[in-house]
Amino acid sequence: MKHQRRLMVAAMTLPMLALAACGGGGDEETAAGGGGGGSTDCAASDGEVTLNFVTWVPGMDQVVDMWNQENPDIQVEVETTPAGNAGTYSNLFNGLEAGTAPDLSQIEYDSLSSFRLQDGLQDISACEGVSEASGDFVDWTWSQVQLGDDGVYAIPQDTGPMALFYREDLFQQAGITEPPTTWEQYYEAAKQLKQATGAYITHFPQGDANWFTGLLWQRGASLFELDGDQVQVNVDSPEAQEVADYWQRMIDEDLVATNLQGFSPDLYAAWNSGQVASWPSAAWGYSTIRDNAASTAGLWRVAPMPQWSEGDEAAGNWGGSTTAVLSGTEHPAEAAQFALWLNTDPEALAMANELGGLFPAANAGSELPALQEGVEFYGGQEIFSIFTEASSQVDTDFTWGPTMTDTYTAMSDGFTAALNGQGTLSEALTDAQAASVESLESQGVQVAD
Amino acid sequence: MTAVAPPTTPSSPAAAPRRQGRTAVRSRAWIWFTLPFLVPFVLFYLLPIGYAIGQSLTKTERTGGIFGETTTTFAGLEQYSRVVTDPAFLNGVGRVLLFGVVQVPVMLGFALLLALLLDSAVARLKRTFRIVYFLPYGIPGVIAALMWAFLYSPQLSPIVGLLQDGGLDVEFLGSGTILWSIANVVTWTYTGYNMLIIFAAMQAIPQSVYEAAKVDGAGGLRTAWSIKIPLVLPALVLTGVFSIIGTLQLFTEPIVFRAISTNVTSSYTPNLLAYTTASANNYPLAAAMSVVLAVATFILSFAFLRATSRRSGL
């Protein structure tokens, strides 16, 4: 009986132990909250080191194999996951809270601030070679990984400078011989196309708020300003409203497809059947079209982004990632060393470009042989020279908000109303402004008036 | 458990202590039988609920600038007042209620009809159709939603294509139609499941009741209306409660359809909103939403049980 009672007690205390464990986790988290942000030293570890690296770039495991062969003392284990916003970020945030996060992860530029806000990033500015590398990357990418202070919170991996993919044949059928150079011309082209071929000039994807943000970026709209103590939110600035009004007119006049979600089988079907004739998109979009609209091979071309004023040279950026060292790693020096190699070594860059279709953030990357050649799917056009040029025209001051998820969500929800004629894109921006402020306040961040 | 005492009264005072001892052992035995249930129940059900309630009463505060240090402080009912005044949350609740008011009666009506048909069919067909009706429930929710998404897709669907050839321009995923397209998927999935519960209740009706009805001269329809339906009422109420709970938790279909439709917002259903909120690292608010949703489900389920208790006997 005594034995039984002991077992009983053990069984009953189990849940309490679990409860205590939860409490313990909480304490640890606040303790880390103080340490992770402040510590900037970067000491090398002794002996053999194993690093975990989360990424969703296809073929990255093969690039890492190359590193592992050359660096027996620093072995990297790749974990391939779904894209960040498809669940991986949530897992990382949970892992950071529980103390089980990997040493390194792929993180997109627009999410770096969110990770910093949850104290998830290790400042690697003191690690060997990191600060010196600032000149090795396209200008705007380096300011993005600094997040408004002196630290360095990630190494730029790839970028998504934007240009216009268009169906040359459909444009010509509609009597458009030169690709539009201004947004006004693009609007005129949309009308001509619709009339002559019945095709929409493009689709307005309800879910791709980050696409729309790329367009705002091109217009010079700076959505956020971080001044150390507080955040200024300018999501509905006059510049942003101008872009919203432009696309609202396209929706109102039925010149863009409103029922095609981005990256959906429906969109691909519409590309293949010629119902949608262009896509203002990022460098990496070349493989999206190539792989999903195979029946239109040879018909697409790439032109620089239409401008807001004739003669301007501004480009936006959509997507692109960094390699970030996460707080809680025991080997920041080795992790930083690997991240630097991964994103600057010519062989690694070439391989990541070949297998993963990455458009490198490193300056050296633009000289990759593969990026100098004509691309068959685009009629042999040397499309990457356009993206390289666009990359140099991306506004370096653009800053992401620390709660970008909520900003995007509010924008997308507003897009739904606009696409149904129950609201406008301008209202979507107003909502996103309010949602961003509310979200920042819920995270205890001060918002400037 | 001590209530399960032997029916005989103690015959002599001397026998009493011994019997009490045995009852004591027996009364402890229930613990061992319930442990396999209780431990996971506490660990994975009660504890998370307690944790969520705890979290819902907190908020995050930050000192030392934008990326400064955070502390979690007690905030009372602040998150709850935010939830109940959030138009997005209330719209989502309104949407699922509208959905439930229409979809649940339609589905249960179908289930009852199918059960009645099955009950009156010949034995060989019974077995086949029972499986056929039940089959959709065996398909995982996400797979079913993906399949229907294809059938609804404006570009790829063979149904939409055929209708267009016939001169009918139907948008299954349009802003006014998508809710009912989702209702169709849910009905398709769960009608067979509910039918099976009702059918099982029908099988339990004693044969003598039917014989009595026959003697009284009742035909098939009369038997169905006056005997079968009243006697399976408890089962109908049970499926009703399950359906109310399921409706409020609507999540899979909207999130799958979001990949192809431009008409599903992040707050389309309350459950989806809680998920979105948690993904944006606002755990206290997401916890408060979940608690409000759970309480609403309890209230609705019990109100339904109460309203039907007189007739169903449950």
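Predicted model: local features only at pLDDT ≥ 70, side-chain atom pairs only at ≥ 80, totals over all residues.
Residues are numbered from 1 along each chain as its sequence is written, chains are lettered from A and ligands numbered from 1 in the order in which they are written, and side-chain values use heavy atoms, with hydrogens and water left out.

Chain A contains 16 helices and 13 strands, these being DSSP runs (helices H or I, at least four residues; strands E, at least two). Its C-alpha atoms fill a box of roughly 90 × 50 × 50 Å along the principal axes. The radius of gyration of chain A is 24 Å, which agrees with the value near 22 Å that a compact globule of 449 residues would have; the radius is taken over C-alpha atoms, and the globule rule is 2.2 Å times the number of residues to the power 0.38.

Of the 449 residues of chain A, 56% count as buried, meaning under 20% relative accessible area (1.4 Å probe, protein chains only). Among contacts between residues at least 6 apart in the sequence of chain A, 77% join residues at least 24 apart; a contact means heavy atoms within 4.5 Å.

Chain B is divided into domain 1 (22-74) and domain 2 (81-312), with bounds from an automatic or database domain assignment. The C-alpha centres of these two domains of chain B lie 31 Å apart. Six residues of domain 1 of chain B are in contact with five residues of domain 2 of chain B.

Key: Buried < 20%, exposed > 50% of the residue type's maximum accessible area, 1.4 Å probe, protein only.
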